[in-house]
Amino acid sequence: MNLSLEEEKRIFNFLQQQNCCLRCCLRFIGSRTLDCFKDPAEFAKRAGYITEAKDLSSNNELLCMACLGILQNKIQEQVIRNIQVEVEKENYDSETFICALTIPVCINLRERFLHMQCATQLKLPEDTLLALKVKLQNIKDVWKWIVTPKIEQTIKKQLDQSTPSPFLIEIILTCKSNEKECKTLVSMCKETNNTKNKRKRKYNDNRYSRKSIETLMAKITDEEFSQCFTALSFETADSIEVGSIVCSHSSIFIGGRYNKLSRELSQTPWFINGEKKMQTSVQDILCNPIAQVVKAQCIKFLSSGREDVDVRNIYSGRPFAVELINPKVTKITNELLSALVDEINQSSKQVQITSNLKVLSRLDLKRLKEGENIKTKFYRALCLCRNTSKTMVPLEQLNHLKRIKIIQKTPVRVLHRRPLSPRERLIYEMRARWVQPQELQELDITNQTATMFFVLDIKTQAGTYVKEFVHGDFGRTVPNLCDILNTEVDIVALDVTGINLTWP
């Protein structure tokens, strides 16, 4: 149902008498054009709602009973100044932005109260009141129509809501009277329902959240709401305040492949009882230079699996990605990425990037995550046969075994951080050969034991514990190499030689 021009005028004039600003008067009667909110006095005069345009300068505006200043020039100018200061201080390089506005929930109470006042004071029929509620323009939409063009002009960035822009400006507005007005509603609902909270929550900080207040408002009738707030004077002494302006940029992801060339380096920082046990880590070496260049707030290191401290990763390298959270430098060029590769590789002999770095999409990250379960991996292990002779070990038979199914209980060495459960894995194929004495010159091994070393190249399903497959882990991996060769086998050194994943 549409309101007649006479009804609109009556409602408009009544709201003015309640100390509502012209913009709120217009949004209550359903005005929807940018022009009407940009210059409300001139529009109201042309439409015949008022006889002469009032001066809406900051010094001549009375505080609005409906919006508490959100749609008034004084608060808008303050918000824009605060945004300018924050954006210039943080110095994000994004050319676009998007706004998110948070307002006190007491604005919802005031809007409903004014609808009830219109209905009772102007004796509006039920269908007219319903039409009035439907036509009410959302205060956030009106605010964005008015203010975002001014923000664009001030911070020299373009509003982009369609993509949307990854650069977000959050404006949080507060009001001192918010809690008092919400408390009135909550108290009334308890009295109306005549019920007591049987289960008292230990923490009740969220009782005046938007969701909880909107839920209460949906439960009560207009009559109950009117009775609740008849005795309450909606004060307009406490205007809206700018609680905070928060700038943030959505994460960007950069990835590539790395080799770990040290057997004394953890993948991520290693802490025990709050004490860092190693000076650095793969994560520190790879991620810190990238985070510093893009001025990220913090990072998350993602990789396709992980190697133990004493395991190297060689040849093609392990796929990895770094999530750069809230970066300020987001224009990432190929030249910048190449410079980062050079910087990282020159800074450390323990970790080397083996591919070009790339800015990643969400699809790339999905491939990295899925690869953890479907990829195959290649290892090279230096193994030692104990308490037997070389002629007694049927090493050649390993070269003919295919697709061996093994059951692995969680290894003893990781039980402190992983649940105890059996896992079925596949050993696709193996190649084994005895080590020549000259190959062990770099290792401190006596000539008597050198003949009992062999190299095992193995292709496995992702998630296979290779060390435990070699030595059996006290029978927790079945079958294991000890069972197959019918002798005691131990592992001396392990390298990851390949990870079969298309990346980056």
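Mentor: Let us begin with contacts. Leaving aside neighbours within four places in sequence, Asp-222 is in contact with Arg-112, Met-116, Leu-129 and Lys-133. Please keep in mind that this is a predicted model.

Trainee: In which element is Asp-222 found, and is Asp-222 buried or exposed?

Mentor: Asp-222 is found in helix H11, which covers residues 222–230. Its relative accessibility is 18%, and buried means under 20%, so Asp-222 counts as buried.

Trainee: How should I read a pair of aromatic rings?

Mentor: Such a pair is described by the distance of the ring centres and the angle of the planes. In this structure the count comes to six aromatic pairs. One of them joins Tyr-258 and Phe-320, with 5.8 Å centre to centre and 65° between the planes. Planes over 60 degrees apart count as edge-to-face, so this pair is edge-to-face.

Trainee: Which parts of the chain does the pair of Tyr-258 and Phe-320 tie together?

Mentor: Tyr-258 lies in strand S5 (residues 252–260) and Phe-320 in strand S9 (residues 311–325), so the pair ties together parts that are 62 residues apart in sequence. Both Tyr-258 and Phe-320 are buried. Together with Phe-301, these two residues form one aromatic cluster.

Trainee: What is the geometry of the pair formed by Trp-434 and Phe-454?

Mentor: Trp-434 and Phe-454 are also edge-to-face, at 5.9 Å centre to centre and 80° between the planes. This pair links distant parts of the chain, 20 residues apart: Trp-434 is in strand S14 (residues 422–434) and Phe-454 in strand S15 (residues 453–461). Trp-434 is buried, with a relative accessible area of 17%, and Phe-454 is buried at 0%.

Trainee: Where does the charged end of Lys-459 sit?

Mentor: The charged end of Lys-459 sits over the ring of Tyr-428, 5.7 Å from the ring centre.

Trainee: Let us turn to helices. At what angle do H12 and H13 pack?

Mentor: Helix H12 (residues 282–294) and helix H13 (residues 334–347) pack at about 140°, and their axes are 10 Å apart. The two helices are therefore oblique to each other. Their crossing is right-handed. On the H12 side the contact is made by Ile-285, Leu-286, Pro-289, Ile-290 and Val-293, and on the H13 side by Leu-336, Leu-340, Glu-343 and Ile-344.

Trainee: May we close with residues in loops? Where is Ser-304 found, and which residues does Ser-304 contact?

Mentor: Ser-304 is found in the loop between strand S8 (298–303) and S9. Ser-304 is buried, with a relative accessible area of 0%. Beyond neighbours within four places in sequence, Ser-304 is in contact with Arg-318, Pro-319, Leu-368, Lys-375, Ile-499 and Leu-501. The C-alpha atoms of Ser-304 and Lys-176 are separated by 50 Å, and these residues are 128 residues apart along the chain.

Technical notes
Residues numbered from 1 in each chain as written. Predicted model: local features only at pLDDT ≥ 70, side-chain atom pairs only at ≥ 80, totals over all residues. Heavy atoms only, no water. Phe/Tyr/Trp six-rings, centres within 6.5 Å; stacked < 30°, edge-to-face > 60°. Helix = DSSP H or I, 4+ residues; strand = E, 2+ residues; numbered from the N terminus. Buried < 20%, exposed > 50% of the residue type's maximum accessible area, 1.4 Å probe, protein only. Lys NZ or Arg CZ within 6 Å of the ring centre and 35° of its normal. Axes fitted to C-alpha atoms, helices over the stretch in contact; angles between N-to-C directions. Parallel < 35°, antiparallel > 145°, perpendicular 65-115°, else oblique. Left-handed = near helix turned anticlockwise from the far one by under 90°. Contact = heavy atoms within 4.5 Å.
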